[in-house]
Amino acid sequence: PHQLKQRGLGSGVIVSSDGYILTNNHVVGHADEIHVTLLDKREFTAKVIGKDPKTDLALIKIDTNQPLPAAALGDSNVTEVGDWVMAIGSPFGFNLTVTSGIVSAKGRALGGNYDSFIQTDASINPGNSGGPLFNTDGQVIGINTAIYSSTGSNAGIGFAIPIDIAKSVMQQLNDHGKVVRGWLGVEIQEVTPALAKSFGL
């Protein structure tokens, strides 16, 4: 039988000089091997430090002999609707593509496990996933993650995970390899007249 190898393409952002890279979980999720190509054409095999499907974030690492330039992480809480932003990635495999736009909205819900996305009209297409969304100070304020489109291509509605969320997730992935979340076991039932009377409601 023939063995077929599937290849995927995505983007990422170097967040530390010793080779840590932040990207989307769906970019690296089920990969057997992860190859990272830098701006200067050097190629590395990356190892997965940790993945978090709920926020669709992953932290991977490459080992180099010299320090790498790392992106400055900003504060997405102070980002406002109307702020100019730039997305960098590899849409459709066109490496190092820069697109620009504004923050269209904040706190967008997409019906998943995590619902507080930054919406932008900067062009985001397949291959941009995991790449950075920069403000005009050159700081990363989001990780480009999803698009809303009937055709699968850019329709001016893209979504990024706020970097404030990503910082917390990244720290936990680095420390534990996963994100540990608190949970509460509750059961909900209708308040009947008898229950209401017994509780004095």
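The structure is a predicted model, in which local features require pLDDT of at least 70 and side-chain atom pairs count only at pLDDT 80 or more, while totals for chains, interfaces and linings use all residues. Residues are numbered from 1 along each chain as its sequence is written, and side-chain values rest on heavy atoms, with hydrogens and water left out.

The protein chain contains 3 helices and 12 strands; these are DSSP runs numbered from the N terminus, with helices being H or I of at least four residues and strands being E of at least two. Along the principal axes, the C-alpha atoms fill a box of roughly 75 × 45 × 40 Å. Of the 201 residues, 39% count as buried, where buried means under 20% relative accessible area, exposed over 50%, and partly exposed in between (1.4 Å probe, protein chains only). The chain exposes about 12,300 Å², of which carbon and sulfur atoms supply 52%; accessible areas come from the Shrake-Rupley method with a 1.4 Å probe, and for residues only the protein chains shown count as cover. Among contacts with a separation of 6 or more, 57% are accounted for by residues 24 or more positions apart, a contact being defined by heavy atoms within 4.5 Å.

Leaving out residues up to four places away in sequence, I143 touches V13, L22, N24, L57, G130, G131, F159, A160, I161, I163 and A166. The C-alpha atom of I143 is separated by 19 Å from that of L39, a residue 104 positions apart along the chain. N144, also placed in strand 11, is likewise buried at a relative accessible area of 0%. When neighbours within four places in sequence are set aside, the contacts of N144 include N24, A87, I88, I124, N128 and S129. G130, G131, P132, L133, F159 and A160 are also in contact with N144.

S11 is a further buried polar position. This serine sits in the segment before strand 1 (13–14), and S11 counts as buried because its relative accessibility is 10%, under the 20% limit. A polar atom of the S11 side chain lies 3.1 Å from the backbone nitrogen of S90, and a polar atom of that side chain lies 2.7 Å from the backbone oxygen of G127. Beyond residues up to four places away in sequence, S11 touches T23, G89, S90, G127, N128, S129, G130 and G131.

Across the whole structure, 3 salt bridges are found, each requiring a side-chain nitrogen of Lys or Arg within 4 Å of a carboxyl oxygen of Asp or Glu. The side chains of D52 and R181 meet in one of them, at 2.7 Å from N to O. This pair links distant parts of the chain, with D52 in strand 4 (residues 43–52) and R181 in the loop between helix 2 and helix 3, 129 residues apart. D52 is buried at 3% relative accessible area, whereas R181 is partly exposed at 36%. In another salt bridge, the closest N and O atoms of K61 and D63 are 2.8 Å apart; K61 is buried at 13%, but D63 is exposed at 54%. D40 and R42 form a salt bridge with closest N and O atoms 2.9 Å apart, and here D40 is partly exposed at 44%, as is R42 at 28%.

The count of aromatic pairs comes to 1. F117 and F159 form this edge-to-face pair, with 6.3 Å centre to centre and 75° between the planes. The pair links distant parts of the chain, joining F117 in strand 9 (residues 117–120) to F159 in strand 12 (residues 158–162), 42 residues apart. Rings of Phe, Tyr and Trp (its six-membered ring) pair if their centres lie within 6.5 Å, with planes under 30 degrees apart counted as stacked, over 60 as edge-to-face and the rest as tilted. Both F117 and F159 are buried; F159 is also among the residues touched by I143 and by N144.

V186 is found in the loop between helix 2 (163–176) and helix 3 (193–199), and counts as exposed at 61% relative accessibility.

Key
Polar contact = N/O pair within 3.5 Å; in protein donor to acceptor, adjacent residues only side chain to side chain.
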